[in-house]
Amino acid sequence: MAAPAANMTINADRLWDSLMEMAKIGPGVAGGNNRQTLTDADAEGRALFQKWCTDAGCSMGLDQMGNMFARREGTDPDALPVYVGSHLDTQPTGGKYDGVLGVLGGLEVIRTLNDLGIKTKHPIVVTNWTNEEGTRFAPAMLASGVFAGIHTQDWAYDRTDAAGKRFGDELDRIGWKGEEEVGARKIHAFFELHIEQGPILEIEGKDIGVVTHGQGLTWTQVTVTGRDSHTGSTPMPMRKNAGLGMARILEKVDEIAWSHAPHAVGAAGHIDVYPNSRNVIPGKVVFTVDFRSPDLSVIQAMDKQLREEATKICDEMGLTVEFEKVGGFDPVTFDEGCVSAIRNAAERLGYSHMNIISGAGHDACWINRVAPTAMVMCPCVDGLSHNEAEEISKDWAKAGTDVLFHAVVETAEIME
């Protein structure tokens with residue numbers, strides 16, 4: 001298949017302007033975004049994306065999980081589409097680029113093809129996957145997981161947020177529930193552009209990360225139960241302090257991750273303390289331990305050790321402990337052909353690059369189960385993400401989207 005010429009590049013100013021325009025929807029309190037999934041802000045962002053896609057000559061598909069599919073036709077009606085995209089939803093204190101760069105970078109691929117008058121054999125479809133972040137409705141990558149057959153649709157619809165609202169009801173409420181069967185689409189290949197969300201590319205001075213693998217992860221929700229009692233009048237020997245039990249377990253979580261260095265990581269990011277009153281010793285805590293590694297056996301070993309160590313700690317303190325796996329996925333090896341398309345694009349365009357393992361979960365990790373898939377990453381300042389201070393440069397955004405353009409268009413096959 002013919003590769004695009006090296007002088008074919010995207011419009012960096014247009015891409016950047018689109019990123020800044022989308023960032024006006026669901027603004028955060030500190031310069032980032034709070035556009036959580038299935039909120040009114042999410043609906044508004046979707047409407048803007050749809051308008052831009054329609055203006056670019058695309059038709060819009062919508063499935064029963066709210067996944068959006070903007071299609072640019074190819075010359076061969078029987079050729080399977082090349083898909084590209086990411087997600088528009090954000091963390092409660094999220095940045096302007098996590099996920100959004102991948103969606104609007106995909107749109108920029110379409111716009112650039114239009115500018116250059118290029119036709120491709122395969123259709124190209126830009127996708128916005130619903131609820132990638134998983135912050136409002138756990139787990140993460142929920143809708144792409146249904147698409148790939150990891151979760152059932154009914155199970156996904158029954159996920160609830162902190163206020164008890166169901167995913168299915170909220171999808172109905174914002175008006176973005178389609179009729180199309182989830183997962184019915186067949187995919188020739190899928191490409192996802194994303195910020196690294198880590199410091200490696202910036203430290204190494206590389207423009208492009210060629211993602212060869214994705215870390216696997218396990219989320220284990222731990223519930224420690226003791227007894228609520230007065231902080232001032234309960235003698236120390238009579239306390240059943242669930243908060244203290246959690247503290248000791250979290251020290252073990254850190255030790256476990258360090259014992260599998262350098263590629264393993266672990267922490268607790270979600271913690272609820274009950275009754276969470278200043279003068280009451282916590283009688284119950286619920287927290288989620290997140291272990292990650294590119295090696296499945298390491299993930300399994302860390303989780304096993306967590307359960308053993310936490311049980312021992314709680315037994316010694318007179319506490320009870322329960323464990324529930326609330327999310328996770330196995331490590332991912334991305335398609336060699338798609339990875340090569342990204343690497344070749346970076347070389348053709350003269351961008352410095354290196355192989356990288358993604359430390360975060362992405363929709364591409366699930367789509368890799370059903371179609372050839374790969375990811376391209378660009379640096380982010382100080383590796384900071386899931387934070388309103390998340391930042392990238394226009395040059396980094398251009399480099400990543402240029403590589404995305406070349407990989408997608410080469411795979412979709414330029415028609416002379």
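I count a charge as sitting over a ring if NZ of Lys or CZ of Arg is within 6 Å of the ring centre and within 35 degrees of the ring normal. I looked up R111 and found its charged end over the ring of W52, 5.4 Å from the centre. R159 lies over the face of W155, at 3.9 Å from the ring centre.

The model is predicted: local features need pLDDT of at least 70, side-chain atom pairs need 80 or more, and totals for chains, interfaces and linings use all residues. Residues are numbered from 1 along each chain as its sequence is written, and side-chain values use heavy atoms, without hydrogens or water.

Next I took aromatic pairs (Phe, Tyr and Trp rings, the six-membered one for Trp, with centres within 6.5 Å; planes under 30 degrees apart are stacked, over 60 edge-to-face, the rest tilted). I got nine. F69 and W129 have ring centres 5.8 Å apart and planes at 90°, so I logged the pair as edge-to-face. F69 is in strand β2 and W129 in the loop between β5 and α4, 60 residues apart. Strands are DSSP E runs of at least two residues, helices H or I runs of at least four, numbered from the N terminus.

Last, I checked β2 itself. Four bridges join it to β1, antiparallel; strands pair at two or more DSSP bridges. F69 is the bridge partner of G61.
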